[in-house]
Structure formats: C-alpha cells, structure tokens
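Please read the points below with the structure open beside you. They go through a few residues and helix pairs in turn.

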Amino acid sequence: MADGRETHGISRVGIFAPSLGDGGVERMLINLAGGFNKLGLTVSLACATDSPPYLDRTSASPLLQIWHLGRTAPIRDEAERWLRHTGCDVTLSAKDRDCRILLEARNRSRLPIPVIYRCGTDLRARLAGRSAFRRWRERRRVRQLLGGVDGVTGNSVGVCNSMDAFGALTPSRLIRNPVITDALLEATSRPPRHPWLRQKAGPVIVAVGRLASVKDFPTLLEAFAMLPREMGARLIILGEGRCRQRLESLTRSLGLEDTVSMPGFTADPYPEVAASDALIVSSRREGSPNALIEAMALGVPVAATDCPSGPAEILDQGRWGPLVPVGDPHALHLAIRQILDRPVPTERLREAVSDYREEASAEAYLDFFRSLQSHFTPGH
C-alpha cells in the first residue's frame, strides 16, 4: 500500500460502466475511483469511450487505468475479455443494465470475482406511476438482479429500505456517495463564469440537474416567481435535457426572462454553486442528491423537497435546511425566503456532510469488499 494501510488481499478494483456519460452516477464513479487510488488500490475503469467525463476531477494517477470496451464484439464478450485480462479482485457496477451484463460475463468466465451492485435510486419511487404490468416486469427484473450479485450497496437509508422491500438476499450495506473531493473544495478559489455571480445585483439562487421531469423545475420556477421583485433575486439552473423547451416557455409565461438563466450543462458547476446565495433541490424523487451535499460542503444554504429519498436524511429532518412537500410552489417559496433571510452558518453545513468525503466512501467500500471475501462463492 502506498500509504501503509492493509487491504487484506484486495489490490485491484474493477468498475464496469459501459454507458458512462455525464450524469450524477458517472461523477460518483469517477470520484470513487479517485478515492480508491488514494488508498493505494489500482482501478480498472471499463467504459465505451476513450475520454470518460470528469477525469479532470481526479489526481493523475498510474493506479487509474481506462479499459476501452470495443464495438466489434458483443458487449458481454467485451466484458468477459476485460475480466480475464485485468485480474480484478472485485467488480462494481452502478446501473441495472450494466450490472446484468457484468454478471453474465462473470458467470460465463467462471472467474472467482465478486460482482457488487451500487444502487443509487429509491426503487419503489422509480416504479410509482407506471402501469401494473410494467411494475410487475420491473420488480421481477430487479429481484433477479439483486439475487444474482454478490453484494449490494445503497447511498441512502431510503434506497437501502427499497432494496430490502424488493427482496435483496445478498449482503447489503449503506455507503455514502463519494461527493466531497479536493476538486470540489477548491471551487471557492475559482471565479464563477456566470455574469450574475461575478457582479451581483441581488441574491442569486442556483439549481443543478438534468432538465427532466423528475427534477420538477417548473415548481422551482413558480416558487421563484413569488419572490418580491424588489429583492432583485435571480435564478440559474445548470443542466440540459429534454424539458428545456417546456421550461423556457414557462419562464416566459411567468415573466421571468430577465431573472432566470439556463446556460446548459457544465461539468464544473462548483464555482457557480460556491458563489451563490442558495441552492434548491425541487425533485420528485432522488437517491441521494449530490448537488445538495456539494452545496453544503461549500457552505451554501440549501432547501429541498422531502422526496424519496435522501434530502430528509442529509438535512437531518430539516435541521440543516427546510424540507417542503413535493410539487408545492408556495411552500418552496417560503423555504427560499427562509434560507435567504436566516441562513445556517457555513461551518455547521460543512460539518453536517463530513461522512460524504471521497476517501471515507472508498474506505467503506473496501471494508465491504473485505467482508464478502470470506464467504464468496462464484455463481451463488
């Protein structure tokens, strides 16, 4: 070990992420890889791109190796080839489809390599509103996945409870997301790019996330529209997605064209968040909202919907920021006023999320991996 810590036989971790994109799951996997590297572990990251996003957030390390999954053979064959050539002691995947592919490749290879599934969303909330047939089909598929892997982790109590409700029979553990990294904390030293944050005319509120229905930005826009004009408040929503046109239309209908900005996706939203006066999470459901944790780590006041799951846990039932009902613009408006008028002290916010440090998460995963070694049986 580079830092003298004992890993009990684990020296190489495989992260299987063929669908690696630019979302929150991907950010957490890259952060986790960096955390493993700091513990002296080699990480083989298998993905379908030569230039995975967010790599600039990790320290350059020879312990992080990128394995490009080719497109000339079926993805399951590529996964099996990766397993045979990299010699991983344990593997991890974070999306249902990716994990099914990895599990099939491991079973075909007959290699004694545990497969761990990291679940990042409340499974019950994910199925809410779907037809009875689709719920039945998805429940069946999820149960098969949870019963086939060698261990599962959840990033919040709500996520873990939802896995239990689906009948997770393999060893499971709550492990916090590796959200707080050196790159995040360095954000305060970099100037924001958005002109509203460079020269403030009033309080600036920020939201970060895909422009998707699950993030419920319409409720945020309606809540923001209730703020008195004389406050001079402005709202920046950082993200991109299929709901952009709808949100732009709503912005116009509410008369907010001059006070709402949606500049698109950025891989580095942290200088904007750090310079803002508040961050709001308006989601209908979450697993463990990283933007909320990141803002608190930067000392920025926050408010969130009490959606399943994560916000209530992170905010300690409202101790560190107000929780409001999902889809309630008036309640969210009052919460925004509260944190602008009476913000929680910076140091208290930072202390509240100390368990989400990158290295603490990596250590928790390593401890979980070690606990599986004594009773692991391939193809159980």
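With the side chain of which residue does the side chain of Glu 26 make a polar contact?

1. The partner is Lys 95: the side chains of Glu 26 and Lys 95 make a polar contact at 2.7 Å. A polar contact is a pair of N or O atoms within 3.5 Å; within protein, one must be able to donate a hydrogen and the other to accept it, and residues adjacent in sequence count only if both atoms are side-chain atoms.

2. A word on the source. This is a predicted model, in which local features need pLDDT of at least 70 and side-chain atom pairs count only at pLDDT 80 or more, while totals for chains, interfaces and linings use all residues. Residues are numbered from 1 along each chain as its sequence is written, and side-chain values use heavy atoms, with hydrogens and water left out.

3. Glu 26 is part of helix H1 (residues 24-38). Helices (H or I, at least four residues) and strands (E, at least two) are DSSP runs, numbered from the N terminus. Glu 26 has 5% relative accessibility and so counts as buried. Buried means under 20% relative accessible area, exposed over 50%, and partly exposed in between (1.4 Å probe, protein chains only). Neighbours within four places in sequence aside, Glu 26 is in contact (heavy atoms within 4.5 Å) with Ser 19, Leu 20, Gly 21, Tyr 54 and Lys 95.

4. Two packed helices are described by the angle between their axes and the distance between the axes. Here axes are lines fitted to C-alpha atoms, for helices over the stretch in contact, and angles run from 0 to 180 degrees between N-to-C directions. The axes of H2 (residues 75-86) and H3 (residues 96-109) come within 8 Å and cross at roughly 60 degrees. H2 and H3 are therefore oblique to each other. Angles under 35 degrees count as roughly parallel, over 145 as roughly antiparallel, 65 to 115 as roughly perpendicular and the rest as oblique. Among the residues that make the contact are Trp 82 and Leu 83 of H2 and Ile 101 and Leu 102 of H3. By class, the contact of H2 with H3 has 7 nonpolar, 1 polar and 7 charged residues. Ala, Val, Leu, Ile, Met, Phe, Trp, Tyr, Cys and Pro count as nonpolar, Asp, Glu, Lys and Arg as charged, and the others, Gly among them, as polar.

5. For H9 (residues 217-225) and H10 (residues 244-253), the axes come within 10 Å and cross at roughly 15 degrees. H9 is therefore roughly parallel to H10. Phe 217, Pro 218 and Leu 221 of H9 meet Arg 246, Leu 247, Leu 250 and Thr 251 of H10 in this contact. Its residues divide into 5 nonpolar, 1 polar and 1 charged.

6. Is helix H12 (residues 290-297) largely enclosed, or is it open? In H12, 8 of the 8 residues are buried, so H12 is largely enclosed by the rest of the structure. Just after H12, Gly 299 has a positive phi of about 80 degrees.

7. Most residues other than glycine have a negative phi, and most peptide bonds are trans. Asp 216, in the loop between strand E8 (204-208) and H9, has a positive phi near 50 degrees. Asp 316, in the loop between H13 and strand E13 (323-324), has a positive phi of about 50 degrees. Asp 216 counts as buried at 5% relative accessibility, whereas Asp 316 counts as partly exposed at 36%. A cis peptide bond, with omega about -10 degrees, joins Pro 308 and Ser 309.
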